[in-house]
Amino acid sequence: MTKKLRYTVPGMSESDAQRVIELLQGRLDATNDLHLTLKHIHWNVVGPHFIAVHEMLDPQVEAIRGFADELAERIATLGGSPVGTPGRLVKSRTWDEYSIGRATTQEHLGALDLVYTGVIEDYRKGFEELGELDPVTEDMFVSQTTQLELFHWFVRAHLEDKGGNLSTAGATTEAEAAKAAG
């Protein structure tokens, strides 16, 4: 990603474009990982609420795949070259591999609560820089975060009691969250 750009969008310096591309590539890696994780959960979820969760996840997968495409196209628009290979994803990952295999809906949703939290926090960190560097990409991040937060709420609605307390409160690992939710 440190190659000299041949061009970028009008009104943006090459150094700003390079930084925006780095931020976009980080979200591209995260969205590629997230949609694969969601499909993994979709295939491995069991229990009494199987069909509800199984069917809830497919629209999330499709939306997040769309996010990845949008992020990659923005990288190309800025003169960069998006990288969506499995090797890149594994090499650049700053988070652990999703750790839950075949498990109940509640266990997966508990772990997914932490996954969404991490992804959303990283998007929000990008807002801070992008406001100065590129409001167009900032708007993309805000729009995608809006959807991610909605999907997160769908997950959390399964994890909260009538008082609004999350069963996963205080969990710091997927395994802890799965156990607390299960």
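Student: How many helices and strands are there in the chain, and in what pattern do they follow one another?

Tutor: Helices (H or I, at least four residues) and strands (E, at least two) are DSSP runs, numbered from the N terminus. Here the chain has six helices and two strands, and along the sequence they follow the pattern α-β-α-α-β-α-α-α. This is a predicted model, in which local features need pLDDT of at least 70 and side-chain atom pairs count only at pLDDT 80 or more, while totals for chains, interfaces and linings use all residues. Residues are numbered from 1 along each chain as its sequence is written, and side-chain values use heavy atoms, with hydrogens and water left out.

Student: Which residues does UniProt list for a domain?

Tutor: UniProt positions are given in the numbering used here, feature names are shortened, and annotations may be inferred rather than shown by experiment. In this case an unreviewed UniProt entry lists residues 21-161 as "domain: Ferritin/DPS". Over that stretch, residues 21-161, the chain is 79% helix and 3% strand, with its end C-alpha atoms 41 Å apart.

Student: What does the radius of gyration of the chain agree with?

Tutor: The radius of gyration is taken over C-alpha atoms, and the globule rule is 2.2 Å times the number of residues to the power 0.38. For 182 residues a compact globule would have a radius of gyration near 16 Å, and the 18 Å of the chain agrees with this. Taken along the principal axes, the C-alpha atoms fill a box of roughly 55 × 35 × 25 Å.

Student: What share of the residues counts as buried?

Tutor: Buried means under 20% relative accessible area, exposed over 50%, and partly exposed in between (1.4 Å probe, protein chains only). By that reading, 45% of the 182 residues of the chain count as buried.

Student: With which residues is Tyr116 in contact?

Tutor: Contact means heavy atoms within 4.5 Å. Leaving aside neighbours within four places in sequence, Tyr116 is in contact with Leu34, Leu38, Gln60, Ile64, Leu148, Phe151, His152 and Val155.

Student: Phe151 also has a ring, so which aromatic cluster includes Phe151?

Tutor: Rings of Phe, Tyr and Trp (its six-membered ring) pair if their centres lie within 6.5 Å; planes under 30 degrees apart count as stacked, over 60 as edge-to-face and the rest as tilted. A search of the whole structure finds three aromatic pairs. Phe151 and Phe154 form a tilted one, 6.2 Å centre to centre with 50° between the planes, and both lie in helix α5, three residues apart, about one turn of the helix. The pair of Trp153 and Phe154 is tilted too, because the ring centres are 5.6 Å apart and the planes stand at 45°. Phe151, Trp153 and Phe154 form one aromatic cluster, in which Phe151 is buried at 6% relative accessibility, Phe154 is partly exposed at 29%, and Trp153 is exposed at 51%.
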